[in-house]
Amino acid sequence: LLFIFKSEQNEAKHDGSPSLGMTDQEKEMAASAYEAFTAGRCDEALRHLEALQELTKEDYKIAMNKAVVEFYKSGQTTTGLLKQTLMSMKNQVHTSAEDVDGLDDVENSFLYYNQAIIHYYMRQFSDAICIGEKLYQFLEPFEEKFAQSVCFLLVDLYLLTFQPEKALHLLTVLDKLSVQGSNKNGKGEYKVRAYIQMKSSKACKREIKSVMNTGRGCSMPYSAPSLFLKSNFEYLRGNYRKAVKLLNSSNIAEHAGPIKTGECVRCMFWNNLGCIHFAMGKHNLGIFYFKKALQENDHTCAQLGDGSNAKKFTGIPMCALLANKRYELLYNCGIQLLHIGRPLAAFECLMEAVQVYHFNPRLWLRLAECCISANKGGSEQESKGLPCKKGIVQSVVGQGYHRKIILASQSMQNTTYSEGQSAAIPVASMEFAAICLRNALLLLPEHQQQELKTENSSKNSSQSGSTESGSENSDACSGKGQDADKFLSAAPSSPLRKQEVENLSRCSILACSSYVALALGDNLIALNHAEKLLHQTKLSGSLKFLGHLYAAEALISLDRISDAIAHLNPENVSDVSVGMLMNEQDQGSDKGDEPVESSGKQTPLCYPSSVTSARAMMLFNLGSAYCLRSEYDKARKCLTQAASMMNSKEIPPEAILLGVYLELQNGNTQLALQIIKRNQLLPTTQQRVSPDFRKKPIQPLQLPSSFTQIQRK
Amino acid sequence: MTLAPKELSNLLSIISEEACTNSFESLSTHFHHYFGKAEHFRVGSVLVMLLQQPDLLPSSSQRLIALYLLWEMYRTEPLAANPFAAVFAHLLNPAPAGEEQEKVLSGFLPPITQPEKFFLSQLMLAPPRDLFKKTPRQVSCMDVGNMPQSVDISGLQLALAERQSELPTQSKASFPSILNDPDPDSSNSGFDSSVANQIIESLVTGPRPPLESHFRPEFIRPPPPLHVCEDELAWLNPTEPDHSIQWDRSMCVKNSTGVEIKRIMSKAFKSPLSAQQQSQLLAELEKDPKLVYHIGLSPVKLPDLVENNPLVAIEMLLKLMQSSQITEYFSVLVNMDMSLHSMEVVNRIVWSVWSVSSCSRSSGTRLSMFRTSSSRFRLSASSSAASARPPASSASSRLWTLEKTPLRPNLPNNTRHRCYTGGTEAAAKRGRFALMHTRSVPVHHRRRRLCSSEEIL
């Protein structure tokens, strides 16, 4: 109960005036009640308040303070009850008019503040912000101490909801407020958090220095929050070993524990170690630490008795309501599992997380990636360079004279319909991936130019219609819009910068969308996404390659073979880097004094492994396209050229099947069978020597396919 | 497109070697007994598959039954409408001699014998009744050497070509995916129908039978790589929040002064105050600088106060200078109906602001706040307004204008608006007015001379 007795002067000030409202007796009683309360003598305070209530019933504040005292008496465990009490008081106050007169709110500021506090601890952040911003409008009349409380609450809320710019603005306001008053420590830490969210490395570094230098004696150890922040900073700069060291130096064993502080530092510690190892590419360690963090979190929750949902928000100290970090941990865990190649487990985790963070477009993208990776099927072996026979031969039926080889139909493998299930039920299916990707795209802001236009037009309209209430709304909105201009919320991690959104997220989402649409047979949509992808300005070489590939396949299915062939020009591929690292401007400047560890940030990744293999894939597909136009010579040329570019072990099953197809088309069943059995392409030179009578290739009987076609119609 | 095992065994019984002694007519009856119209297409697909696999349908008479049934199922429709017409066209298409032997391609229809060809061409024409009275075995043994062999199928071919042109290229490029691969080491020890039937069953029945799949050039479709980005994971920092429920310190301190002052204030909005009331009010305001926020002066009410008690209004506005709401008070003020009182208040505020800024060393902060806080005010001085000299020094040349520019509420972002309504729009329409001082007057001077106030429409 750290209240500072401040309003004495206020009271003293009015003592002399003739009393019409409050009697001196009442005031005295109120003063002693407050005194008892600040001294922690709750029962005495309650007695005073009750006596006060007998004298006058007018002031609801007596009742509120009673509720406050009772709340503290319960050890701050009756949060739900207090919330209800405050709510009913608010309704009483506002029965007459919906605050037409703003000054009314100044009178009731404590009521509002307490409500905001409860919203905060119940994680109803937007409600809390709403009230906090309302209070902020009347900051001047408040006494300094209270004004500061309001500001700090808002700063915390802005940071929790990843609005660092707003938080920083408020912190500068606070700077002015507390020129005379005691410099509340922690302001620096808030600033560091804001700069970390904004990824502005320079400002962050400066602020961290001052945080580490102030607020401790020379023999005292650094506080856990400051060490964690510094570690966070080093982690973001890629100094992973240093980050680990800093984390280790925080003495988490001596931390007061979640019941007192509302935070489980041990769980945070393990989680952050997981983050660091993930960034280092040590995924197995990463998953190990995340699991440990989850265990710790479960332990904490059990300790707090969080399991009993019946009496929610009671029995636990209010501050501990924020202790549960389950969703953040599940989010981290899911992403780690996805990278380790366990898409289904990752899907489970991320599905739970997305219920809380459904405004995060990147999280939706990750969910879609889980689905894609879970449905990839046999191509996992393919990616390891081991073409499996299964990719070519589906089965062998009969034996001896009757032996038959059933070729695997890739289109059957690639097209996955999960029948009988609604796509809205989250299963890691391609249908669900499509939904996730649609969400992700919708959550991205429109392209910049468009947005500028709309914003201007909305501003103009609000200018012309100059009723003040209208301008109030637009003001509030444009304030948000400006924030959204630079950052896009990606909770529970730091918000995305605009360029990040454009360069990476949008491209990746479009590429996945195109791929998923192809798998679902939505060729027009696939083409649409692929073309949009190819029009992105900052497209990585890898995704450009995929864009061409997907567009071509969609075009083929739409029977636009010539257009497809244009996409399949191997010259279209000149680079297959996945594209990465955009904070050079941040990074380069301060490299000088502290060398970034060489183990640092990601080396540029490539997909596929090289330009050559990408070109070979294009050539294989080009060969297939030629086949469809019955240009078998060209197809064969593509096939041999592509095969010569690759290690024969790496040749994908589709390419081998193309070889089989060409031999069959050529009437050379024996060679085709040989290719199948050896599972590799064979040089086919002499076959073309006497193609005299093969000029007109035998028309294959087209029944089976046309049958299926008719059936579908 | 699959057949149930039961259906398949029925079909196989109809085309079995033993059935070849029945007449075509009775086979047809059998067939229609087992299969309705809805199954015809599926059955036909199986028959075509069997025709493609000579090892499963070795005898000529069986092939005859298969061909007959393919035709029989759709006999009431025009020939070109038969979905299996392409089979007929292909089998009847005279291939160049010499190629015949090599053409044993897997998945293609193997060539048929002369009697079969004859039978098929009969089907293409109007078949004579008695043809179907024969048994398949009889037909297969027919000597067709002197019978007319070829039938003109160009019409059928044309119709088929037309139909195929509507199909996507991709579909047209497909093979059946069943490839014959007889083991060369195994001796063909005669045809065993039970073995064959077993194989047929595995090709035709089940959830995704090989019969359904087809083989065509496939595209390599690598999945996109995992999205690469930085700082994706949620790092957790302990923050030690210390926000707590607070005791309302304003309990019972809403004191008597407040009540009395509020009473005076409510009067002040309606009529001029007495000298005593006015001085009491001003004295209280002087005592408690924050009192001004608590006594009910909202921007909406400002015009009433200005009209009735301009002096009080001035003092209160000066006290409100610190407020973030001051811009709203100002904008109400300049949008008021023009009157001597309102001009007086505006004038006083401008002067006071100026004097504050010129006296304090934090030069110009108030002034600039006043200026920027509402774009509707434009404060300008003919000589440098920022100079901290008292206005008296540069006498008559100074010209202060407070002009009203058209309403444009683009206030700074950090100022919050309380909503208020007022005749702002009407005021905007009246245009702008300017207050001009042609003579310098000390700030504190009581008698200012209002030289001109003009309304420009």
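**Salt bridges and burial, case by case**

Mentor: In this predicted model, the side chains of Asp298(A) and Arg326(A) meet in a salt bridge, with 3.8 Å from N to O. The pair links distant parts of the chain, since Asp298(A) belongs to helix α17 (residues 283-304) of chain A and Arg326(A) to helix α18 (residues 326-340) of chain A, 28 residues apart.

Trainee: What makes the pair Asp298(A) and Arg326(A) a salt bridge?

Mentor: A salt bridge is a side-chain nitrogen of Lys or Arg within 4 Å of a carboxyl oxygen of Asp or Glu. The N to O value for Asp298(A) and Arg326(A) is 3.8 Å, so the pair meets the definition.

Trainee: Why is Asp298(A) called partly exposed?

Mentor: Buried means under 20% relative accessible area, exposed over 50%, and partly exposed in between (1.4 Å probe, protein chains only). Asp298(A) has 40% relative accessibility, so Asp298(A) counts as partly exposed. Arg326(A), at 26%, is partly exposed as well.

Trainee: Why is Lys133(B) called exposed?

Mentor: Lys133(B) has a relative accessible area of 53%, so Lys133(B) passes the limit for exposed. Its salt-bridge partner is Glu25(B), with the closest N and O atoms 3.4 Å apart. Glu25(B) is partly exposed, at 33%.

Trainee: What makes Gln115(A) buried?

Mentor: Gln115(A) has a relative accessible area of 8%, so Gln115(A) falls under the limit for buried. Gln115(A) lies in helix α7 (residues 109-121) of chain A. Leaving aside neighbours within four places in sequence, Gln115(A) is in contact (heavy atoms within 4.5 Å) with Leu86(A), Met87(A), Lys90(A) and Ile131(A).

Trainee: Which conventions apply?

Mentor: Residues are numbered from 1 along each chain as its sequence is written, and chains are lettered from A in the order in which they are written. Local features need pLDDT of at least 70, side-chain atom pairs count only at pLDDT 80 or more, totals for chains, interfaces and linings use all residues, and side-chain values use heavy atoms, leaving out hydrogens and water.

Technical notes. Helices (H or I, at least four residues) and strands (E, at least two) are DSSP runs, numbered from the N terminus.
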